[in-house]
Amino acid sequence: MNQEQQKPVPEDHTSVSKDEESGARGLQRDLQDRQDRLQPADDEPVSEPVNDSAPHPEAPAGSGRWVRRLLKVGIGLALVAIFGWLPLKAVLQTSSVEAVVNARIVTLRSPIDGTVSAKPQSSTQLSVVHEGDTILHVVNARGDRVRLDDLRRQMSRMENERPSLAAKLAAAETSQQDLARQAAQFRDGRILQLEARIAEIQTAIEAAAARREEATAAVERASSLVKSGSVSTVEMARLTREQAIAHQTEIGAQRRLDAAKVELTAARNGTYLGDSYNDRPSSVQREEEMRQRVSDLRADLVHSDAEIDWLTHEIASEQLHYINRAEADIKAPVAGRIWEMMTSPGEDVRAGQPLLKLLDCTGAVVTANVTEGVYNRLRLGERASFEPNDGSASIKGEIANLTGASGAPANLAINPDALNKEPYRVTVSMPELDTTGKDCVVGRTGRVVFNTDAARS
(Lines give C-alpha, C1' and ligand atoms only; values in the text may rest on other atoms or scores of the structure.)
Protein backbone atom coordinates (compact mmCIF):
# COMPACT_ATOMS: atom_id res chain seq x y z
CA MET A 1 0.00 0.00 0.00
CA ASN A 2 2.92 2.38 0.65
CA GLN A 3 4.31 1.68 -2.78
CA GLU A 4 0.94 2.43 -4.34
CA GLN A 5 0.74 5.70 -2.48
CA GLN A 6 4.24 6.63 -3.57
CA LYS A 7 3.54 5.75 -7.18
CA PRO A 8 3.89 9.05 -9.21
CA VAL A 9 0.90 10.41 -11.00
CA PRO A 10 1.39 10.50 -14.83
CA GLU A 11 2.43 13.93 -15.97
CA ASP A 12 0.72 15.77 -18.78
CA HIS A 13 2.88 18.63 -19.94
CA THR A 14 -0.11 20.13 -21.62
CA SER A 15 -1.94 21.21 -18.46
CA VAL A 16 -0.40 20.22 -15.05
CA SER A 17 1.44 23.04 -13.37
CA LYS A 18 4.66 22.35 -11.46
CA ASP A 19 3.41 24.00 -8.29
CA GLU A 20 0.37 21.71 -8.05
CA GLU A 21 2.50 18.59 -8.67
CA SER A 22 5.07 19.54 -6.07
CA GLY A 23 2.29 20.31 -3.53
CA ALA A 24 0.58 16.98 -4.04
CA ARG A 25 3.83 15.00 -3.85
CA GLY A 26 4.89 16.86 -0.71
CA LEU A 27 1.58 16.07 0.97
CA GLN A 28 1.99 12.40 0.06
CA ARG A 29 5.48 12.35 1.54
CA ASP A 30 4.27 13.94 4.81
CA LEU A 31 1.48 11.38 5.21
CA GLN A 32 3.88 8.54 4.48
CA ASP A 33 6.39 9.82 7.05
CA ARG A 34 3.71 10.05 9.74
CA GLN A 35 2.52 6.54 8.96
CA ASP A 36 6.10 5.19 9.10
CA ARG A 37 6.63 6.78 12.52
CA LEU A 38 3.50 5.10 13.85
CA GLN A 39 4.26 1.67 12.27
CA PRO A 40 6.88 0.34 14.78
CA ALA A 41 4.57 0.96 17.77
CA ASP A 42 1.67 -0.76 16.09
CA ASP A 43 3.72 -3.77 14.91
CA GLU A 44 5.37 -4.45 18.33
CA PRO A 45 4.80 -8.18 19.28
CA VAL A 46 2.29 -8.77 22.04
CA SER A 47 3.21 -11.22 24.80
CA GLU A 48 0.68 -13.98 25.24
CA PRO A 49 0.10 -15.92 28.47
CA VAL A 50 1.33 -19.49 28.66
CA ASN A 51 -1.90 -20.78 29.97
CA ASP A 52 -4.28 -21.20 27.05
CA SER A 53 -7.18 -21.46 29.41
CA ALA A 54 -6.56 -18.07 30.87
CA PRO A 55 -8.65 -15.22 29.54
CA HIS A 56 -7.26 -12.95 26.80
CA PRO A 57 -7.59 -9.37 27.97
CA GLU A 58 -5.39 -8.07 25.07
CA ALA A 59 -7.76 -9.09 22.28
CA PRO A 60 -9.92 -5.99 22.44
CA ALA A 61 -6.84 -3.75 22.52
CA GLY A 62 -5.38 -5.37 19.35
CA SER A 63 -8.58 -4.88 17.41
CA GLY A 64 -8.59 -1.19 18.45
CA ARG A 65 -5.13 -0.76 17.08
CA TRP A 66 -6.21 -2.18 13.73
CA VAL A 67 -9.20 0.14 13.65
CA ARG A 68 -7.02 3.16 14.36
CA ARG A 69 -4.60 2.00 11.70
CA LEU A 70 -7.35 1.62 9.13
CA LEU A 71 -8.78 5.00 10.11
CA LYS A 72 -5.43 6.71 9.59
CA VAL A 73 -4.99 5.03 6.25
CA GLY A 74 -8.47 6.13 5.19
CA ILE A 75 -7.84 9.72 6.26
CA GLY A 76 -4.56 9.73 4.34
CA LEU A 77 -6.22 8.38 1.21
CA ALA A 78 -8.98 10.99 1.52
CA LEU A 79 -6.45 13.79 1.83
CA VAL A 80 -4.50 12.47 -1.14
CA ALA A 81 -7.71 12.22 -3.16
CA ILE A 82 -8.80 15.73 -2.20
CA PHE A 83 -5.49 17.45 -2.82
CA GLY A 84 -4.74 15.32 -5.85
CA TRP A 85 -8.03 16.31 -7.52
CA LEU A 86 -6.68 19.67 -8.61
CA PRO A 87 -3.74 18.30 -10.61
CA LEU A 88 -5.99 15.49 -11.84
CA LYS A 89 -8.55 18.05 -12.95
CA ALA A 90 -5.80 20.01 -14.70
CA VAL A 91 -4.70 16.82 -16.42
CA LEU A 92 -8.19 16.12 -17.69
CA GLN A 93 -8.81 19.68 -18.94
CA THR A 94 -7.56 21.12 -22.25
CA SER A 95 -5.80 24.27 -21.11
CA SER A 96 -2.93 26.56 -21.90
CA VAL A 97 0.51 26.49 -20.37
CA GLU A 98 0.56 30.26 -19.73
CA ALA A 99 -1.84 33.13 -20.35
CA VAL A 100 -1.82 36.87 -19.81
CA VAL A 101 -4.33 39.69 -20.34
CA ASN A 102 -3.10 41.72 -23.28
CA ALA A 103 -4.04 44.74 -25.39
CA ARG A 104 -2.77 46.53 -28.46
CA ILE A 105 -0.37 49.47 -28.32
CA VAL A 106 -1.07 52.78 -30.06
CA THR A 107 2.03 54.87 -30.71
CA LEU A 108 1.45 58.64 -30.74
CA ARG A 109 3.97 60.68 -32.75
CA SER A 110 4.72 64.37 -32.93
CA PRO A 111 3.18 66.02 -36.03
CA ILE A 112 5.61 68.98 -35.91
CA ASP A 113 9.04 69.98 -34.68
CA GLY A 114 9.00 71.71 -31.33
CA THR A 115 9.25 71.54 -27.55
CA VAL A 116 7.08 69.18 -25.50
CA SER A 117 4.96 70.45 -22.64
CA ALA A 118 2.57 68.43 -20.48
CA LYS A 119 -1.15 69.11 -20.20
CA PRO A 120 -2.88 68.94 -16.80
CA GLN A 121 -4.90 65.75 -16.43
CA SER A 122 -8.48 65.84 -15.20
CA SER A 123 -8.32 62.26 -13.91
CA THR A 124 -6.93 61.39 -10.51
CA GLN A 125 -4.66 58.79 -12.11
CA LEU A 126 -2.29 60.38 -14.55
CA SER A 127 -1.83 57.14 -16.48
CA VAL A 128 -5.55 56.77 -17.24
CA VAL A 129 -6.81 58.68 -20.31
CA HIS A 130 -10.14 58.87 -22.10
CA GLU A 131 -10.76 59.22 -25.79
CA GLY A 132 -10.06 62.80 -26.88
CA ASP A 133 -8.05 63.76 -23.79
CA THR A 134 -5.04 66.00 -24.47
CA ILE A 135 -1.94 64.32 -23.11
CA LEU A 136 0.93 66.47 -24.45
CA HIS A 137 1.34 69.81 -26.18
CA VAL A 138 4.10 70.56 -28.72
CA VAL A 139 5.08 74.18 -29.41
CA ASN A 140 7.41 75.24 -32.22
CA ALA A 141 8.64 78.76 -31.51
CA ARG A 142 10.67 78.72 -34.73
CA GLY A 143 7.81 77.83 -37.06
CA ASP A 144 8.19 78.67 -40.74
CA ARG A 145 6.09 81.77 -41.43
CA VAL A 146 7.81 82.98 -44.62
CA ARG A 147 4.80 82.37 -46.84
CA LEU A 148 2.45 83.96 -44.32
CA ASP A 149 4.60 87.09 -44.24
CA ASP A 150 4.78 87.19 -48.05
CA LEU A 151 1.02 86.96 -48.33
CA ARG A 152 0.57 89.73 -45.79
CA ARG A 153 3.01 91.95 -47.69
CA GLN A 154 1.12 91.34 -50.90
CA MET A 155 -2.13 92.16 -49.14
CA SER A 156 -0.69 95.40 -47.79
CA ARG A 157 0.56 96.39 -51.25
CA MET A 158 -2.77 95.61 -52.89
CA GLU A 159 -4.71 97.52 -50.23
CA ASN A 160 -2.42 100.53 -50.70
CA GLU A 161 -2.73 100.44 -54.49
CA ARG A 162 -6.49 100.07 -54.60
CA PRO A 163 -7.40 103.66 -53.49
CA SER A 164 -5.03 105.10 -56.07
CA LEU A 165 -6.48 102.83 -58.73
CA ALA A 166 -10.02 103.81 -57.76
CA ALA A 167 -9.08 107.53 -57.91
CA LYS A 168 -7.55 107.08 -61.36
CA LEU A 169 -10.70 105.33 -62.52
CA ALA A 170 -12.90 108.16 -61.19
CA ALA A 171 -10.74 110.80 -62.91
CA ALA A 172 -10.72 108.88 -66.17
CA GLU A 173 -14.49 108.52 -66.05
CA THR A 174 -14.86 112.29 -65.51
CA SER A 175 -12.51 113.06 -68.40
CA GLN A 176 -14.32 110.57 -70.58
CA GLN A 177 -17.64 112.23 -69.81
CA ASP A 178 -16.19 115.69 -70.66
CA LEU A 179 -14.73 114.44 -73.89
CA ALA A 180 -17.97 112.71 -74.76
CA ARG A 181 -19.81 116.00 -74.19
CA GLN A 182 -17.32 117.82 -76.42
CA ALA A 183 -17.65 115.17 -79.13
CA ALA A 184 -21.44 115.46 -78.98
CA GLN A 185 -21.23 119.24 -79.28
CA PHE A 186 -18.83 118.93 -82.20
CA ARG A 187 -21.15 116.44 -83.93
CA ASP A 188 -24.16 118.69 -83.42
CA GLY A 189 -22.21 121.71 -84.70
CA ARG A 190 -20.92 119.77 -87.68
CA ILE A 191 -24.45 118.65 -88.59
CA LEU A 192 -25.72 122.23 -88.34
CA GLN A 193 -22.80 123.41 -90.45
CA LEU A 194 -23.51 120.83 -93.14
CA GLU A 195 -27.20 121.63 -93.10
CA ALA A 196 -26.37 125.36 -93.58
CA ARG A 197 -23.99 124.52 -96.42
CA ILE A 198 -26.65 122.42 -98.09
CA ALA A 199 -29.08 125.32 -97.81
CA GLU A 200 -26.45 127.67 -99.29
CA ILE A 201 -25.74 125.28 -102.14
CA GLN A 202 -29.43 124.94 -102.83
CA THR A 203 -29.65 128.76 -103.04
CA ALA A 204 -26.68 128.81 -105.41
CA ILE A 205 -28.34 126.15 -107.51
CA GLU A 206 -31.47 128.22 -107.75
CA ALA A 207 -29.44 131.31 -108.73
CA ALA A 208 -27.50 129.28 -111.32
CA ALA A 209 -30.77 127.96 -112.74
CA ALA A 210 -32.14 131.52 -113.00
CA ARG A 211 -29.01 132.71 -114.82
CA ARG A 212 -29.18 129.68 -117.08
CA GLU A 213 -32.78 130.40 -117.93
CA GLU A 214 -31.95 134.07 -118.54
CA ALA A 215 -29.02 133.13 -120.77
CA THR A 216 -31.21 130.71 -122.68
CA ALA A 217 -33.85 133.37 -123.29
CA ALA A 218 -31.15 135.87 -124.43
CA VAL A 219 -29.76 133.32 -126.89
CA GLU A 220 -33.20 132.66 -128.27
CA ARG A 221 -33.86 136.38 -128.79
CA ALA A 222 -30.43 136.91 -130.32
CA SER A 223 -30.95 134.01 -132.75
CA SER A 224 -34.09 135.66 -134.17
CA LEU A 225 -32.31 138.99 -134.47
CA VAL A 226 -29.22 137.56 -136.15
CA LYS A 227 -31.28 136.85 -139.28
CA SER A 228 -32.41 140.42 -139.47
CA GLY A 229 -28.89 141.65 -138.81
CA SER A 230 -29.74 143.48 -135.62
CA VAL A 231 -27.37 141.27 -133.53
CA SER A 232 -23.90 140.61 -134.62
CA THR A 233 -22.35 137.22 -134.75
CA VAL A 234 -19.92 138.13 -131.94
CA GLU A 235 -22.78 139.06 -129.65
CA MET A 236 -24.47 135.81 -130.49
CA ALA A 237 -21.35 133.87 -129.52
CA ARG A 238 -21.03 135.70 -126.22
CA LEU A 239 -24.66 134.97 -125.31
CA THR A 240 -24.18 131.33 -126.18
CA ARG A 241 -21.06 131.16 -124.00
CA GLU A 242 -22.87 132.72 -121.05
CA GLN A 243 -25.66 130.19 -121.49
CA ALA A 244 -23.14 127.33 -121.30
CA ILE A 245 -21.41 128.83 -118.25
CA ALA A 246 -24.75 129.23 -116.46
CA HIS A 247 -25.60 125.63 -117.21
CA GLN A 248 -22.26 124.33 -115.95
CA THR A 249 -22.52 126.50 -112.85
CA GLU A 250 -25.87 124.93 -112.07
CA ILE A 251 -24.42 121.43 -112.55
CA GLY A 252 -21.47 122.23 -110.23
CA ALA A 253 -23.76 123.55 -107.54
CA GLN A 254 -25.86 120.39 -107.77
CA ARG A 255 -22.78 118.22 -107.29
CA ARG A 256 -21.68 120.25 -104.28
CA LEU A 257 -25.13 119.70 -102.87
CA ASP A 258 -24.83 115.96 -103.32
CA ALA A 259 -21.43 115.98 -101.57
CA ALA A 260 -22.81 118.04 -98.70
CA LYS A 261 -25.66 115.59 -98.27
CA VAL A 262 -23.19 112.72 -98.10
CA GLU A 263 -21.17 114.53 -95.40
CA LEU A 264 -24.37 115.26 -93.47
CA THR A 265 -25.42 111.63 -93.54
CA ALA A 266 -21.93 110.54 -92.41
CA ALA A 267 -21.88 113.15 -89.62
CA ARG A 268 -25.20 111.96 -88.32
CA ASN A 269 -23.73 108.43 -88.23
CA GLY A 270 -20.65 109.62 -86.33
CA THR A 271 -18.23 109.76 -89.27
CA TYR A 272 -16.73 112.99 -90.38
CA LEU A 273 -15.55 113.44 -94.00
CA GLY A 274 -13.35 116.01 -95.61
CA ASP A 275 -11.26 116.96 -92.51
CA SER A 276 -7.80 116.32 -93.96
CA TYR A 277 -8.64 112.67 -94.56
CA ASN A 278 -9.42 112.17 -90.81
CA ASP A 279 -12.78 110.63 -90.07
CA ARG A 280 -12.54 111.47 -86.32
CA PRO A 281 -11.96 114.89 -84.81
CA SER A 282 -9.50 115.23 -81.95
CA SER A 283 -12.25 115.46 -79.32
CA VAL A 284 -13.85 112.23 -80.53
CA GLN A 285 -10.50 110.48 -80.70
CA ARG A 286 -9.58 111.60 -77.19
CA GLU A 287 -12.99 110.49 -75.94
CA GLU A 288 -12.49 107.04 -77.44
CA GLU A 289 -9.00 106.77 -75.94
CA MET A 290 -10.32 107.84 -72.52
CA ARG A 291 -13.15 105.32 -72.80
CA GLN A 292 -10.57 102.60 -73.40
CA ARG A 293 -8.53 103.78 -70.42
CA VAL A 294 -11.63 103.74 -68.22
CA SER A 295 -12.34 100.18 -69.31
CA ASP A 296 -8.75 99.15 -68.51
CA LEU A 297 -8.81 100.85 -65.10
CA ARG A 298 -12.14 99.25 -64.26
CA ALA A 299 -10.74 95.83 -65.18
CA ASP A 300 -7.65 96.51 -63.06
CA LEU A 301 -9.87 97.47 -60.12
CA VAL A 302 -11.92 94.30 -60.47
CA HIS A 303 -8.71 92.27 -60.65
CA SER A 304 -7.41 94.05 -57.56
CA ASP A 305 -10.57 93.26 -55.62
CA ALA A 306 -10.37 89.62 -56.68
CA GLU A 307 -6.70 89.53 -55.67
CA ILE A 308 -7.53 91.01 -52.26
CA ASP A 309 -10.28 88.42 -51.74
CA TRP A 310 -7.91 85.61 -52.70
CA LEU A 311 -5.19 86.95 -50.43
CA THR A 312 -7.67 87.21 -47.56
CA HIS A 313 -8.61 83.55 -47.98
CA GLU A 314 -5.00 82.46 -48.39
CA ILE A 315 -3.86 84.40 -45.33
CA ALA A 316 -6.58 82.80 -43.21
CA SER A 317 -5.68 79.34 -44.52
CA GLU A 318 -1.94 79.90 -44.14
CA GLN A 319 -2.44 81.29 -40.65
CA LEU A 320 -4.31 78.14 -39.70
CA HIS A 321 -1.54 76.03 -41.22
CA TYR A 322 1.04 78.07 -39.36
CA ILE A 323 -0.81 77.54 -36.08
CA ASN A 324 -0.91 73.81 -36.82
CA ARG A 325 2.82 73.91 -37.56
CA ALA A 326 3.59 76.10 -34.56
CA GLU A 327 1.66 74.13 -31.94
CA ALA A 328 -0.15 70.82 -31.75
CA ASP A 329 -2.11 68.91 -29.13
CA ILE A 330 -1.37 65.22 -28.76
CA LYS A 331 -4.77 63.66 -28.02
CA ALA A 332 -5.69 60.12 -27.09
CA PRO A 333 -7.44 58.39 -30.03
CA VAL A 334 -8.83 55.66 -27.74
CA ALA A 335 -9.58 55.17 -24.06
CA GLY A 336 -6.85 53.44 -22.11
CA ARG A 337 -3.78 54.24 -20.11
CA ILE A 338 -0.26 55.37 -20.83
CA TRP A 339 1.95 52.34 -21.33
CA GLU A 340 5.27 54.07 -21.99
CA MET A 341 6.20 57.76 -21.98
CA MET A 342 9.02 58.21 -24.47
CA THR A 343 9.63 61.93 -23.89
CA SER A 344 9.46 64.49 -21.10
CA PRO A 345 8.33 68.14 -20.81
CA GLY A 346 10.91 70.57 -22.15
CA GLU A 347 12.43 68.10 -24.61
CA ASP A 348 12.86 69.11 -28.25
CA VAL A 349 11.33 66.61 -30.66
CA ARG A 350 11.22 66.21 -34.41
CA ALA A 351 8.21 65.64 -36.62
CA GLY A 352 7.31 61.96 -36.65
CA GLN A 353 9.21 61.18 -33.45
CA PRO A 354 7.36 58.76 -31.10
CA LEU A 355 6.20 60.56 -27.95
CA LEU A 356 4.34 57.89 -26.02
CA LYS A 357 2.70 54.50 -26.27
CA LEU A 358 -0.93 54.24 -25.30
CA LEU A 359 -2.54 51.00 -24.18
CA ASP A 360 -5.80 50.46 -26.06
CA CYS A 361 -7.87 49.08 -23.21
CA THR A 362 -11.09 49.06 -25.25
CA GLY A 363 -10.09 45.90 -27.12
CA ALA A 364 -8.26 43.79 -24.55
CA VAL A 365 -7.65 40.11 -25.29
CA VAL A 366 -5.94 37.18 -23.62
CA THR A 367 -2.83 35.72 -25.22
CA ALA A 368 -1.77 32.23 -24.24
CA ASN A 369 0.72 29.62 -25.32
CA VAL A 370 -0.20 25.96 -25.66
CA THR A 371 1.50 22.73 -26.51
CA GLU A 372 1.55 21.47 -30.05
CA GLY A 373 -1.02 18.79 -29.25
CA VAL A 374 -3.49 21.27 -27.81
CA TYR A 375 -2.81 23.72 -30.65
CA ASN A 376 -3.70 21.11 -33.27
CA ARG A 377 -7.07 20.44 -31.59
CA LEU A 378 -8.17 24.08 -31.37
CA ARG A 379 -10.40 25.87 -33.89
CA LEU A 380 -11.33 29.51 -34.35
CA GLY A 381 -14.58 30.43 -32.61
CA GLU A 382 -14.33 27.74 -29.94
CA ARG A 383 -15.31 28.79 -26.46
CA ALA A 384 -12.73 29.30 -23.75
CA SER A 385 -12.46 30.76 -20.26
CA PHE A 386 -9.65 32.68 -18.58
CA GLU A 387 -8.89 31.69 -14.99
CA PRO A 388 -6.74 34.32 -13.23
CA ASN A 389 -4.00 33.16 -10.89
CA ASP A 390 -5.33 35.41 -8.12
CA GLY A 391 -8.36 33.13 -7.69
CA SER A 392 -10.94 35.57 -9.01
CA ALA A 393 -13.88 34.44 -11.13
CA SER A 394 -13.18 33.07 -14.59
CA ILE A 395 -14.08 35.09 -17.68
CA LYS A 396 -15.76 33.61 -20.75
CA GLY A 397 -14.57 34.22 -24.30
CA GLU A 398 -13.80 32.56 -27.62
CA ILE A 399 -10.71 31.87 -29.72
CA ALA A 400 -10.02 34.78 -32.06
CA ASN A 401 -6.61 33.87 -33.50
CA LEU A 402 -4.25 30.93 -33.71
CA THR A 403 -0.56 31.58 -34.33
CA GLY A 404 1.92 28.81 -34.99
CA ALA A 405 5.66 28.80 -34.55
CA SER A 406 6.15 30.90 -37.71
CA GLY A 407 3.55 33.55 -36.89
CA ALA A 408 4.45 37.23 -37.18
CA PRO A 409 4.63 39.23 -33.92
CA ALA A 410 1.59 41.34 -33.08
CA ASN A 411 1.50 44.94 -31.93
CA LEU A 412 0.59 44.05 -28.35
CA ALA A 413 1.61 45.53 -25.02
CA ILE A 414 3.07 42.22 -23.90
CA ASN A 415 4.89 40.48 -26.73
CA PRO A 416 3.67 36.88 -27.07
CA ASP A 417 7.34 35.87 -27.28
CA ALA A 418 7.49 36.57 -23.53
CA LEU A 419 5.41 33.41 -23.10
CA ASN A 420 8.38 31.26 -24.00
CA LYS A 421 7.43 27.85 -22.66
CA GLU A 422 5.74 26.81 -25.90
CA PRO A 423 5.97 28.36 -29.41
CA TYR A 424 2.25 27.98 -30.22
CA ARG A 425 0.12 31.03 -29.41
CA VAL A 426 -3.64 31.48 -29.04
CA THR A 427 -5.49 34.79 -28.85
CA VAL A 428 -8.83 34.72 -27.01
CA SER A 429 -11.30 37.59 -27.19
CA MET A 430 -12.96 38.38 -23.87
CA PRO A 431 -16.04 40.62 -24.33
CA GLU A 432 -16.85 40.29 -20.63
CA LEU A 433 -13.41 41.54 -19.61
CA ASP A 434 -13.74 45.07 -18.17
CA THR A 435 -10.54 46.83 -19.22
CA THR A 436 -11.60 50.46 -19.43
CA GLY A 437 -10.09 53.27 -17.40
CA LYS A 438 -8.52 52.38 -14.09
CA ASP A 439 -9.72 48.75 -14.39
CA CYS A 440 -7.37 48.07 -17.29
CA VAL A 441 -5.90 44.76 -16.04
CA VAL A 442 -3.39 44.18 -18.81
CA GLY A 443 -0.60 42.00 -17.46
CA ARG A 444 -2.74 39.82 -15.16
CA THR A 445 -1.65 36.20 -15.54
CA GLY A 446 -3.55 32.95 -15.41
CA ARG A 447 -4.48 30.14 -17.72
CA VAL A 448 -7.05 29.54 -20.46
CA VAL A 449 -9.30 26.48 -20.39
CA PHE A 450 -10.66 25.48 -23.79
CA ASN A 451 -14.12 23.93 -24.11
CA THR A 452 -13.45 22.06 -27.34
CA ASP A 453 -16.16 19.42 -26.86
CA ALA A 454 -18.93 22.01 -26.42
CA ALA A 455 -17.81 23.91 -29.53
CA ARG A 456 -17.79 20.81 -31.73
CA SER A 457 -21.11 19.49 -30.45
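How many bridges join S8 to strand S11 (residues 424-429)? Six bridges join S8 to S11, and the two strands run antiparallel. The legends below begin with an overview and then turn to close-up views.

**Figure 1. Overview of the predicted model.** This is a predicted model, in which local features need pLDDT of at least 70, side-chain atom pairs count only at pLDDT 80 or more, and totals for chains, interfaces and linings use all residues. Residues are numbered from 1 along each chain as its sequence is written, and side-chain values use heavy atoms, with hydrogens and water left out. The protein has eight helices and twelve strands; helices (H or I, at least four residues) and strands (E, at least two) are DSSP runs, numbered from the N terminus. Of its 457 residues, 33% count as buried. Here buried means under 20% relative accessible area, exposed means over 50%, and partly exposed lies in between (1.4 Å probe, protein chains only). Among contacts with a separation of 6 or more, 82% are between residues 24 or more positions apart; contact means heavy atoms within 4.5 Å.

**Figure 2. Strand S8 and its partners.** Two strands pair if DSSP finds at least two bridges between them. Strand S1 (residues 98-109) is joined to S8 by eleven bridges and runs antiparallel to S8; Leu108 stands opposite Leu356 in S8. Strand S6 (residues 336-341) is also antiparallel to S8, with five bridges, and the bridge partner of Arg337 is Leu359.

**Figure 3. The open sheet of four strands.** The strands of this open sheet follow the order S5-S4-S2-S7, with antiparallel pairing. Its edge strands are S5 (327-331) and S7 (348-349), each of which pairs on one side only. Five bridges join strand S4 (residues 134-139) to S5, and in S5 the bridge partner of Thr134 is Lys331. Helix H6 (residues 282-326) lies across S4 and S5, at about 60° to S5. Axes are lines fitted to C-alpha atoms, for helices over the stretch in contact, and angles run from 0 to 180 degrees between N-to-C directions.

**Figure 4. The crossing of helices H4 and H6.** The axes of H4 (residues 146-228) and H6 come within 7 Å and cross at roughly 160°. The two helices are therefore roughly antiparallel to each other, a label given to angles over 145 degrees, while those under 35 count as roughly parallel, 65 to 115 as roughly perpendicular and the rest as oblique. By class, their contact has 22 nonpolar, eight polar and 16 charged residues. Ala, Val, Leu, Ile, Met, Phe, Trp, Tyr, Cys and Pro count as nonpolar, Asp, Glu, Lys and Arg as charged, and the others, Gly among them, as polar.

**Figure 5. Glu250 in helix H5.** Glu250 belongs to helix H5 (residues 233-268). Glu250 counts as buried because its relative accessibility is 18%. Apart from neighbours within four places in sequence, Glu250 is in contact with Ile205, Ala208, Ala209 and Arg212.

**Figure 6. Leu273 in the loop between H5 and H6.** Leu273 lies in the loop that separates these two helices. With a relative accessible area of 33%, Leu273 is partly exposed. Its C-alpha atom is 9.9 Å from that of Ala259, a residue 14 residues apart from Leu273 along the chain. Leaving aside neighbours within four places in sequence, Leu273 is in contact with Arg190, Val262, Glu263 and Ala266.
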